[in-house]
Amino acid sequence: MEIKDIIKPENLVYQKTKMMTDNTLSYCPGCGHGTTHRLVMEVVEELGIVEDTIGIAPVGCSVLAYEFMNVDMTQAAHGRAPAVATGIIRTWPDKIVFTYQGDGDLAAIGTSETIHACNRGENIVIIFVNNGIYGMTGGQMAPTTLPGMKSSTTPYGRDVALMGNPLKITELVAQLPGTYFVTRHAVHSPAHVRKTKKAIKKAFQNVIDKKGTQFIEVVSNCNSGWKMTPVKSNEWMVENMFPFYPLGDMKVDGKIVKDLH
Amino acid sequence: MGELKLMKGNEAVAEAMIREGVDGYFGYPITPQSEVIEYLTTEEPHKRTGMVVLQAESELAAINMLYGAAGTGKKVATSSSSPGISLKQEGISYIAGSELPCVIINVVRGGPGLGTIQPSQADYFQATKGGGHGDYHLYVLAPSSVQEMADFVEDAFEMAFKYRTPVMILSDGVIGQMMEKVELKPQKKRLTDAEVIKKYGSWATVGRVGGRERNIITSLDLDSHKMEAHNIHLQSKYEQMKKEDVRYEELQTEDAEYIIVAYGSSARISQKVIQLARKDGIKLGVLRPITLFPFPEKPIQELAKRVKGFLAVEMSAGQMVEDVKLAVNGKVKVEHYGRNGGIVPTPGEVYEALKQKIIGG
Ligand SMILES: Cc1ncc(C[n+]2csc(CCOP(=O)(O)OP(=O)(O)O)c2C)c(N)n1
Ligand code: SF4
């Protein structure tokens, strides 16, 4: 059988969503950003909300998210995406607004905007990609860098006595009255990809139903910043990131479902 | 005639925003302009017109809320005073870079640092020369009365949408706090969402309505040639402003031998100086820039051909005087007189300065 005999509509089991553009992704091969982009866009397509969806791109490796996500998008200053989203959802309360942010963007320079948007319960989806490092600028320490973890500004490992502790911002926002659905996932295996997509879909549905802030953390790898192969980085993530950032729901339907301490 | 009211400048600008049909105001309290957000939250414009008013967690958040909403074609404004405007500069640079219309009101107080809550005009450089990073300008209007605090709201939005650019109303603590009679314009209708989409849908991020291609609001371009072309485009807008939208007022300049250049509350004080000088037979006139950017260079150049000297009067250590000097270009004498730290000069001391620095000197 030749390849042209296989590529037929009746054999189609999976198709790239039209909500992703054909632009070549700027991410390193193996990076979790690309998968996460696709999941968000598949959800937008499946829910049929493209005419109402507005995304906010951050500053970080995903600064160019607007080149890949085929929806209307605004590129925000470093950390300010939740404020930008607030301005939009307040003046267009029936639109579907989401931010897509890295951990430096969301949990360091933008901590204030994150906490206050969540606390006000802005009706938005926040997609938070936590790779424990500043990918874009070359692998410096992030607020989420693990104790002992090496980065270009913690070359001997993060010394918490000197550099402070990693910030579990997701546990923090789960405790704010404005958040409705707070959950942590990963995209390194097909099973995890499916779970993450389910969570993203639920988050967007909640925003359609005007339930308040939906916060989805995706624990991800930064194979370049961590200086590992993609496969090794995923193994390292499972071994080191997951014990510190355990996967699962923290808050569902406005109720805390997990001991956050 | 419109409705007459006795109001503070800060209240007038707030009421004018509601009547202009503004869609959203995002602010953070700071003296001497907190009355703006207090007036708006008391008036509850969401009941009058559907206008959104939100107290943000910081000026950083407020300006970025403005950025988000402005990118959707909504008519939005913020206000603050000097330290808060400094904090907003990052966002203002993004707004200018991504070519979004909005209005920013600065009721200036004395600096640097936390400075004083008393009036000042020491934010002239910040307002007219860019303020944040990169090559850009704001269109800057300087009201000198409570009436103009109200009137300039409409003018500011007209320019903001004409040029798709952030516009600043540069006021000061005197104009913000003083009470005067003001004639208010009738209520304008806010645009409906459908009207906003129709008018601004070609660029605004409102969702891919009707399945159109996506719209993107960004100030980023990693291709240097494209970025340079974008910068050249921005500069061409500023050139167009200089050609089409310079505003100023001349008072008794026809026969003047000496000119005071002053804006905002300093222009009000300088009007009184005309009376003092003319009583003594000194032919003094005042040129009041209404737009600080674009600056009224041409009328100053014209006056420089026939007068003996200029005194720039401003509540700063000397900022606008640099633009006056550039316009006069060495033809006649240009001096500066100013007070700072929150001190408002009296007409008498300005007159003395004029005699010493220009007429006698
Ligand atoms: C105001 C400002 N400060 C610093 C930077 C430089 N900068 C760009 S991306 C980045 C870190 C992004 O890291 P993160 O949010 O974790 O995203 P990642 O690249 O890892 O996906 C920094 C510090 C900037 N662009 N703007
Ligand atoms: S630097 Fe890290 S986060 Fe950025 S694209 Fe590469 S792997 Fe992904």
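Lys237(B) and Glu99(B) form a salt bridge in which the closest N and O atoms are 2.7 Å apart. This pair connects distant parts of the chain, with Lys237(B) in helix α10 (residues 224-244) of chain B and Glu99(B) in the loop between α5 (82-97) and β5 (102-108) of chain B, 138 residues apart. A salt bridge is defined here as a side-chain nitrogen of Lys or Arg within 4 Å of a carboxyl oxygen of Asp or Glu, and by this rule 44 salt bridges are counted over all chains. Helices (H or I, at least four residues) and strands (E, at least two) are DSSP runs numbered from the N terminus.

The model is predicted, and local features need pLDDT of at least 70, side-chain atom pairs count only at pLDDT 80 or more, and totals for chains, interfaces and linings use all residues. Residues are numbered from 1 along each chain as its sequence is written, chains are lettered from A and ligands numbered from 1 in the order in which they are written, and side-chain values use heavy atoms, with hydrogens and water left out.

At the interface, 38 residues of chain A are in contact (heavy atoms within 4.5 Å) with 37 residues of chain B. The buried area, that is, the accessible area (1.4 Å probe) that two parts lose on being put together, summed over both, is about 2,900 Å² between chain A and chain B, and carbon and sulfur atoms give 58% of it. Asp72(A), Thr91(A) and Trp92(A) supply 23% of the area that chain A buries against chain B, more than any other three residues.

Three salt bridges are counted between chain A and chain B. In one salt bridge, the side chain of Asp72(A) meets that of Arg212(B) at 2.7 Å, N to O.

On the side of chain A that touches chain B, at least two residues each come from β1 (53-57), α3 (65-68), β2 (72-75), α4 (81-91) and α6 (111-120) of chain A. The most is given by α4(A), with seven residues.

The interface also includes strand pairing, for which DSSP must find at least two bridges between two strands. Two bridges join β2(A) to the parallel strand β9 (residues 216-217) of chain B. Met73(A) stands opposite Ile216(B), and Thr74(A) stands opposite Ile217(B). An open sheet of nine strands with mixed pairing has the order β10(A)-β9(A)-β7(A)-β8(A)-β4(A)-β3(A)-β1(A)-β2(A)-β9(B). Its edges are β10 (255-256) of chain A and β9 of chain B, each with a single partner strand, so one side of each is left without a neighbour in the sheet.

Ligand 1 lies between chains A and B. Of the 17 residues around ligand 1 (a heavy atom within 4 Å), Cys61(A), Asp103(A), Asp105(A), Gly135(A) and Met136(A) come nearest. An oxygen atom of ligand 1 is 2.7 Å from a polar side-chain atom of Asp103(A). The residues around ligand 2 include His33(A), Cys61(A), Asn131(A) and Gly135(A).

Definitions and conventions:
A polar contact is a pair of N or O atoms within 3.5 Å; within protein, one must be able to donate a hydrogen and the other to accept it, and residues adjacent in sequence count only if both atoms are side-chain atoms.
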